[in-house]
Amino acid sequence: INTSVSKLEEFYRNQYAYFLKFGLKLQEREMFELTPANTGEFFHSALDQLIKRVNQLGLRLNELSQAQLDELINEVVDNVSQAPQFMILASSARMQYLHRQLKRTVQQMSYALQRQSRYTPARPIQTEVLFGQIQDQQGLDGLVFDLPDHHQVRVRGKIDRIDEFNTGTGDYLGVVDYKSSEHEFKFGEAYYGLAMQMLTYLNAVEQNLDK
């Protein structure tokens with residue numbers, strides 16, 4: 001079985017819904033509208049490009065002036081808005097208003113990340129890190145779990161961000177996953193397979209330390 005951690009979580013949450021979606025491959029009718037999934041993708045893309053641009057400049061977020069950060073935010077939001085799936089944001093006055101709201105949210109998130117960077121030695125070193133094979137893209141080694149009778153479960157995924165910080169006791173890596181709503185990690189949900197994402201990402205990074 002080749003799968004992702006989100007699919008596994010969906011299976012443990014509701015096996016019948018999993019069967020309808022991935023067994024029968026039922027899908028909702030596509031509508032020309034901005035969905036919560038679209039807005040989440042917009043935020044992910046904008047933050048990904050922002051961190052990449054800061055790293056390309058050889059700087060850290062906390063080293064940027066307000067004017068520099070605003071300039072980068074404008075640049076990445078304009079880039080993201082040109083993607084085909086976000087063309088709807090220019091289709092009407094209402095959508096243009098929503099586009100401005102999305103941009104303000106990206107600004108708020110970027111300002112928060114900059115404030116956060118002033119209080120931690122952690123520095124983003126990579127974004128959108130693949131592990132396993134996703135479509136035609138091969139990332140870091142995926143996680144492989146052996147089952148009886150020579151079966152395997154191979155888990156793939158994409159880590160939003162990997163941070164690094166160095167201390168006198170050693171070098172450390174941390175994983176960051178962007179969420180558009182509040183999430184609290186609960187060990188009980190992890191135990192029952194409902195919240196395995198962060199643990200799986202940490203496991204994938206640990207298995208690929210040599211890379």
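Axes are lines fitted to C-alpha atoms, for helices over the stretch in contact, and the angles between them run from 0 to 180 degrees between N-to-C directions.

**Figure 1. Helix α3 crosses helix α4 in the predicted model.** The axes of α3 and α4, the latter formed by residues 66-81, come within 9 Å of each other and cross at roughly 130 degrees. An angle between 115 and 145 degrees is neither roughly perpendicular nor roughly antiparallel, and α3 and α4 are therefore oblique to each other. The crossing of α3 past α4 is right-handed. On the α3 side, the contact is made by F42, S45, A46, Q49, L50, R53 and V54. On the α4 side, L69, L72, E75, V76, V77, N79, V80 and S81 take part.

**Figure 2. L72 is a buried residue of helix α4.** The residue L72 lies in α4. Its relative accessible area is 5%, and because buried means under 20%, L72 counts as buried. Leaving aside residues up to four places away in sequence, L72 touches L50, R53, V54, L57 and L64. The residues L50, R53 and V54 also belong to the α3 side of the contact between α3 and α4. How far is the C-alpha atom of L72 from that of N14? The two C-alpha atoms are separated by 42 Å, and the residues are 58 apart along the chain.

**Figure 3. Helix α3 also meets helix α5.** Helix α3 consists of residues 36-56 and helix α5 of residues 93-117. Their axes come within 10 Å and cross at roughly 45 degrees. An angle between 35 and 65 degrees is neither roughly parallel nor roughly perpendicular, and α3 and α5 are therefore oblique to each other. Helix α3 passes α5 in a right-handed crossing. From α3, the residues T39, F42, F43, A46, L47 and L50 take part in the contact. Their partners in α5 are H99, L102, T105, V106, M109, S110 and L113. The residues of this contact divide into nine nonpolar, four polar and no charged. Residues F42, A46 and L50 of α3 are listed in the contact with α5, and these residues are listed in the contact with α4 as well.

**Figure 4. N38 is a buried residue of helix α3.** Not counting residues up to four places away in sequence, N38 touches E33 and F86.

**Figure 5. Helix α7 has buried residues along one face.** Helix α7 is formed by residues 197-207, and its buried residues are Q197, T200, Y201, A204 and V205. Seen down the axis of α7, these buried residues fall within an arc of 135 degrees, so they line one face of the helix. An α-helix has 3.6 residues a turn, so residues three or four places apart point the same way. On the other side of α7, E206 and Q207 are exposed. Which elements cover the buried residues of α7? The cover includes helix α1 (5-13) and the strands β2 (123-131), β5 (143-147), β6 (151-167) and β7 (170-176).

**Figure 6. E128 and D149 have positive phi values.** E128 is found in strand β2. Its phi is near 50 degrees, a positive value in a residue other than glycine. With a relative accessible area of 24%, E128 is partly exposed. D149 is found in the loop between β5 and β6. This residue is not a glycine either, yet D149 has a positive phi of about 60 degrees. The relative accessible area of D149 is 64%, and D149 is therefore exposed.

Figure 7. Along the sequence, the protein chain follows the pattern β-α-α-α-α-α-β-β-β-β-β-β-α-α. The C-alpha trace spans about 60 × 55 × 35 Å along its principal axes. Of the 211 residues in the protein chain, 31% are buried. Among contacts between residues at least 6 apart in sequence, 66% join residues at least 24 apart.

Terms used
Residues numbered from 1 in each chain as written. Predicted model: local features only at pLDDT ≥ 70, side-chain atom pairs only at ≥ 80, totals over all residues. Heavy atoms only, no water. Helix = DSSP H or I, 4+ residues; strand = E, 2+ residues; numbered from the N terminus. Left-handed = near helix turned anticlockwise from the far one by under 90°. Contact = heavy atoms within 4.5 Å. Nonpolar A, V, L, I, M, F, W, Y, C, P; charged D, E, K, R; others polar. Buried < 20%, exposed > 50% of the residue type's maximum accessible area, 1.4 Å probe, protein only. Arc of directions from axis to C-beta.
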